[in-house]
Amino acid sequence: MATNYSLDDLRYFCTIVKLGSFKKASADLDMSLSTLSRRIRLLEQALQLTLLNRDAHRVTLTHTGELYYDRYRKLFEEVECIEQALCDEKDQPKGKIRISAPIYMGKHFLSAIFCDFLLQYPEIQLDLRFSNNLIDIEKEGIDIAFRVRNPAIDNWIIRELKLTHNVLCAHPNHDCQSITHPKQLEEQPKITCVGLVPWQLKNQHTNEEYSFNPNTHVRLEVDEIQMMKQAVESGVGISYIPDYIALPLIKAGKLKHILPDWQSKGQPFSMLYRDRKQIPYRVRLLIEHALQHFTKM
């Protein structure tokens, strides 16, 4: 049934009862006494009920008015609690932050950052969504997204954190002495990872670029970098591995660097967040925390 009054009218009514007079309520609500009186009169006319008894000295509730006040007072008190809670979350270091990141890069670069952040801010919770799938961060209600490469997303700020490169690696016992150019990888056993195909390579000395599509002699195809790394360490074949994973293993003698003059162009690892002036304080804190960490790297 359509009504000719609003929740504001009921809120005005509750304020009058709470403060005990029209005059005090009009000051509290920052509206004229005549306007307030007119709104209450229209409310009673719309309800076809008398809510207040008025005399020269005071305002009292009718029996019906008591019933209305008891119900709507609780409603407006709950609304005030919700508004206060939202205000606290907006301006204080508390509440939940929803985050999206690629699985291995999230574990490798971000896990220590997140744990350190949680220790600093005990009233903030992180909801981490590690996935290699390119999810719809708007639909999923993500506050901060970490991604490789820079996708264009309207009204989102992109902050580049680190440049990474992919390099060619194999087991130390893999015979690769005859390989002098990426085109010679055709007959080699290979391990590929979804999202890292083709193998885009550039010679650091000659600037020659070569795009190699590993579609023959593929021993293993995976969608997760950890499994790809383990397969290369086990000697299954050659693969195209992010340098932040490969270089420590090459230094430790667990992997061999194939064609060391060749690597991919720099791929930015970036942080994305909404371009909003009213960004919650807790989200700003995590953004600043992550930026400080990567500045020190």
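Biologist: How are helices α2 and α3 oriented to each other, roughly parallel or roughly perpendicular?

Modeller: One compares axes, which are lines fitted to C-alpha atoms, for helices over the stretch in contact, with angles from 0 to 180 degrees between N-to-C directions. Angles under 35 degrees count as roughly parallel, over 145 as roughly antiparallel, 65 to 115 as roughly perpendicular and the rest as oblique. Here the axes of α2 (residues 22–29) and α3 (residues 33–47) cross at roughly 105 degrees and come within 9 Å; the two helices are therefore roughly perpendicular. This is a predicted model, in which local features need pLDDT of at least 70 and side-chain atom pairs count only at pLDDT 80 or more, while totals for chains, interfaces and linings use all residues. Residues are numbered from 1 along each chain as its sequence is written, and side-chain values use heavy atoms, leaving out hydrogens and water.

Biologist: Which residues of α2 and α3 make the contact?

Modeller: Contact means heavy atoms within 4.5 Å. From α2 come Phe22, Lys23, Ala25, Ser26 and Leu29, and from α3 Leu33, Leu36, Ser37 and Ile40. These residues divide into 6 nonpolar, 2 polar and 1 charged, where Ala, Val, Leu, Ile, Met, Phe, Trp, Tyr, Cys and Pro count as nonpolar, Asp, Glu, Lys and Arg as charged, and the others, Gly among them, as polar.

Biologist: Is Thr164 buried or exposed?

Modeller: Buried means under 20% relative accessible area, exposed over 50%, partly exposed in between (1.4 Å probe, protein chains only). Thr164 counts as buried because its relative accessibility is 3%. Thr164 lies in strand β6 (residues 156–164); helices (H or I, at least four residues) and strands (E, at least two) are DSSP runs, numbered from the N terminus. Not counting residues up to four places away in sequence, Thr164 touches Met105, Asp243, Tyr244, Lys265, Gly266 and Gln267.

Biologist: Which strands do bridges join to β7?

Modeller: Two strands pair if DSSP finds at least two bridges between them. Strand β12 (residues 238–242) runs antiparallel to β7 and is joined to it by 4 bridges, with Val167 opposite Ile241. Strand β13 (residues 256–258) is also antiparallel to β7, through 3 bridges, and there Ala170 stands opposite Lys256. In β7 (residues 166–170), 5 of 5 residues are buried: Asn166, Leu168 and Ala170 on one side, Val167 and Cys169 on the other.

Biologist: How many residues does the largest nonpolar core have?

Modeller: A nonpolar core is a set of buried Ala, Val, Leu, Ile, Met, Phe, Trp, Tyr and Cys residues joined through side-chain atoms within 4.5 Å. The largest has 55 residues, and Ile97, Leu110, Ile144, Phe146 and Met271 have the most contacts inside it. A second, separate core of 17 residues includes Cys14, Met31, Leu43 and Leu51.
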